[in-house]
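The following report describes selected features of one protein structure. Please consult the sequence and the structure while reading.

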Amino acid sequence: MKERKETAAQAIVHCLQQAQVEKVFCVPGESYLAILDALYDTPSIEVISARHEGGASFMAEAYAKSTLKPGIVMATRAVGAANLSIGVHTAYQDSTPLVVFLGQVHSKFRGREGFQEVDLEQYFQSIAKWSIELTDAERTVEIVQRAFHIATSGRPGPVIVSLPEDVLPQEVTMLYPPMPQRSSPAPSVWEVKQVEELLTNAKRPVIIAGGGVKSAKAEQDLQTFAEMLHLPVVTAFRRHDVFPNDHVLYAGHLGLGTPTSILKTVKQADVVLALGTRLSEVTTQDYSLLSPEQQLIHIDIDYNSIGKSYAPNVAIVADIKEALMQLITLKSTSTNWENWALSCNAAYMQASRKEESSSTNINRNIIDHIKTTLPYDAIITNDAGNFASWIHQFYMFNQSHTYVGPTSGAMGYGLPAAIGAKLAYPERTVIAFAGDGGFMMTCQELETAVRYDIPVICLVFNNKMYGTIRMHQEMHYPTRVVATDLGDVRFKELANSLGAVGYRVTTMQEFKVAFAESCQIKKPTVIEIMSDPEQISVTATITDIRKARK
C-alpha cells in the first residue's frame with residue numbers, strides 16, 4: 001500500500017491519476033485553487049476550462065458517456081454548483097458515471113450564510129447517487145476512492161464531493177489502497193431457467209434494449225443473443241446505438257414521436273425482455289406501452305429500476321453482459337420467431353423510409369445526405385428539441401458508440417456534448433445537432449472549442465422559436481402564442497466572432513457545400529440552417545395542429 005505525505009488537494013489529484021483520469025472539465029474558482037495548483041504539476045491530466053459550469057458539466061457527462069469512464073467536473077461553491085447542476089441531473093437520468101468536485105466555504109464560516117454558502121450535500125441529494133463533504137483531510141483518499149466506486153457501480157451516476165477551502169491545503173500522511181473494482185453480478189441458474197420457460201411458450205417475443213447494454217459493453221453479446229433466437233430488438237429512448245440499425249432484427253427506436261407501426265411491434269409482443277432499461281416515461285410512451293396481458297422479463301443491474309414502472313413476471317438484478325452470456329446458452333426455439341422478427345424489421349424500414357415529395361423540408365434532406373456521406377464511426381450528439389425527431393426517425397446508427405444524447409431532455413446539451421465526445425475520440429468526426437433555442441444556451445462554449453482546437457461541427461436548425469414548446473402550445477392552446485417566439489440571431493456571424501467558422505444556408509445545395517467544407521477544414525464550425533417554422537414536427541405543421549383542434 002503506497003504512503004506519502006501531501007495535501008488533501010494533492011491527494012485528490014493522485015486519486016484521479018490512480019483512476020487513470022485524462023481530462024478534467026471546470027470553470028475555475030478561488031475555493032478550490034489548491035486542486036488547480038496540484039493539477040499544474042500533473043501533465044498527464046488535461047484541464048479543460050469552459051465558459052459556463054453548465055457547459056463544463058455537459059462536456060464531462062458526454063465524455064463519460066463516450067469513454068464509459070467517469071467524467072470529472074469541478075466548480076466553486078453555491079453559484080458554480082447551481083450552474084453545473086443541470087449536468088448532474090443529466091448524468092443521473094442518463095445513468096452516466098460522473099464525479100463532481102465542488103469548492104466549499106471555509107469550515108469556520110459554515111452555518112453563518114457565508115459568501116456563496118449552501119449545504120451542497122443536501123442540495124444535490126435528490127439528483128446524485130451520493131453527496132459528501134470532506135471535513136477531515138486524512139479521509140481524502142478513502143472518500144475520493146469511494147466516490148469513484150459509487151459512480152461506476154450498479155447503475156452508474158453522479159457523485160458529489162464538497163471541499164471546504166481550508167481542508168484542501170492541509171498536509172497529512174496519505175495511504176493509497178488499490179481502487180475498488182466495479183462489480184458485475186450474474187443471474188442464477190434458477191433465474192435463467194425462468195427466462196427459458198417464458199420464452200418457450202412465447203409467440204411474439206421482443207427485446208427492449210437500454211443504456212445498461214452500453215454501460216456493460218455488451219452490444220455484441222446482445223446481437224449474438226438476438227441472432228441465436230431470431231428476436232426483434234427495439235432500443236430505448238436515445239439508446240439507438242446499442243444495436244445496429246441496419247440489422248435485419250432491428251425493429252426501431254422508442255422515443256418522442258415514435259411511428260405507430262413501431263409502437264405496434266411492442267404492443268403485439270406477448271413476452272417483453274427489458275434489458276438494461278428502466279422503462280422510462282418516454283420509452284414507454286407515458287407508461288402506456290405495456291399491458292398486463294404481456295409477460296415481462298426485466299433484467300437490470302439496479303434493483304431500484306426493476307418494478308418502478310411495471311411489475312415484472314421475472315425480475316433479475318444482474319450486469320447485462322453477464323446476463324446475456326448466460327442467456328446465450330438457452331435452448332428455447334420457435335419456428336415462428338424468424339417470420340415475426342422480419343415483420344417487425346419491415347415495419348421499422350417502412351417508417352424510416354417514408355416516400356417524400358420533391359418539396360420535402362430541408363431537415364429530412366439533411367439527414368438523408370449526412371447518412372450517406374459521414375464516416376461509419378461518426379458520432380452524433382443532439383440538443384433537446386423537435387429537430388431531433390428527424391434524427392431519431394431517419395438516421396441509422398449502425399455502429400456502437402456513435403450516439404450521445406440526453407435522456408434527461410436538457411436544452412443546451414448538443415454543443416458541449418460534442419466537445420466532450422470529440423475529446424474522447426479525437427480521430428472521429430463529431431456532429432452536434434441543435435435548435436436555435438438550445439444552441440443559444442451554451443453557444444459560448446464555441447470559444448472553448450476554438451481555444452482548445454476541438455473541431456466539432458454544429459448544425460443549428462433555426463426556426464426562430466422554442467419549437468417543441470410551441471407545438472404543445474398549439475395542441476393545447478391553439479393560436480394563443482406567448483413566450484415561444486424568438487428573435488433573429490445570426491449564428492454565422494456569432495460563430496465567426498468567437499473564432500469558429502460560420503455558414504448560413506437556406507437550400508440543400510448550400511448545405512452540401514458548407515458541410516463538405518466543414519468536414520475538410522478541421523476547425524470548430526457552425527452551419528446555421530434556416531428552417532420552416534410552419535413544419536413544427538416530422539408529421540405535422542402548425543396549420544395541421546390548429547385544424548385538428550377545431
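A disulfide is a pair of cysteine sulfur atoms within 2.5 Å. The structure is a predicted model, in which local features need pLDDT of at least 70 and side-chain atom pairs count only at pLDDT 80 or more, while totals for chains, interfaces and linings use all residues. Residues are numbered from 1 along each chain as its sequence is written, and side-chain values use heavy atoms, with hydrogens and water left out.

**Cysteines and buried residues**

The structure holds zero disulfides. For C443, the closest cysteine sulfur is that of C458, and the 10 Å between them is too far for a bond. C458 is likewise in no disulfide, its nearest cysteine sulfur being that of C443.

The table gives relative accessible areas; buried means under 20%, exposed over 50%, and partly exposed in between (1.4 Å probe, protein chains only).

| Residue | Relative accessible area | Class |
|---|---|---|
| C443 | 9% | buried |
| C458 | 1% | buried |
| D94 | 2% | buried |
| L296 | 4% | buried |

Helices (H or I, at least four residues) and strands (E, at least two) are DSSP runs, numbered from the N terminus. D94 belongs to helix 4, which covers residues 77–94. Contact means heavy atoms within 4.5 Å. Not counting residues up to four places away in sequence, D94 touches E61, K65, R239, G405, P406, T407 and S408. In the case of S408, the backbone nitrogen lies 3.1 Å from a polar atom of the D94 side chain.

L296 is part of strand 13 (residues 295–300). Leaving aside neighbours within four places in sequence, its contacts include V272, A274, L279 and L290. L296 and T372 are 76 residues apart in sequence, and their C-alpha atoms are 38 Å apart in space.

**A pair of packed helices**

Two packed helices are described by the angle between their axes and the distance between the axes. Axes are lines fitted to C-alpha atoms, for helices over the stretch in contact, and angles run from 0 to 180 degrees between N-to-C directions. Helix 10 (residues 260–268) and helix 12 (residues 337–352) pack at about 160°, and their axes are 8 Å apart. These two helices are therefore roughly antiparallel; angles under 35 degrees count as roughly parallel, over 145 as roughly antiparallel, 65 to 115 as roughly perpendicular and the rest as oblique. The contact is made by S261, I262, T265 and Q268 of helix 10 with W340, C344, A347, Y348 and A351 of helix 12.

How values were computed
A polar contact is a pair of N or O atoms within 3.5 Å; within protein, one must be able to donate a hydrogen and the other to accept it, and residues adjacent in sequence count only if both atoms are side-chain atoms.
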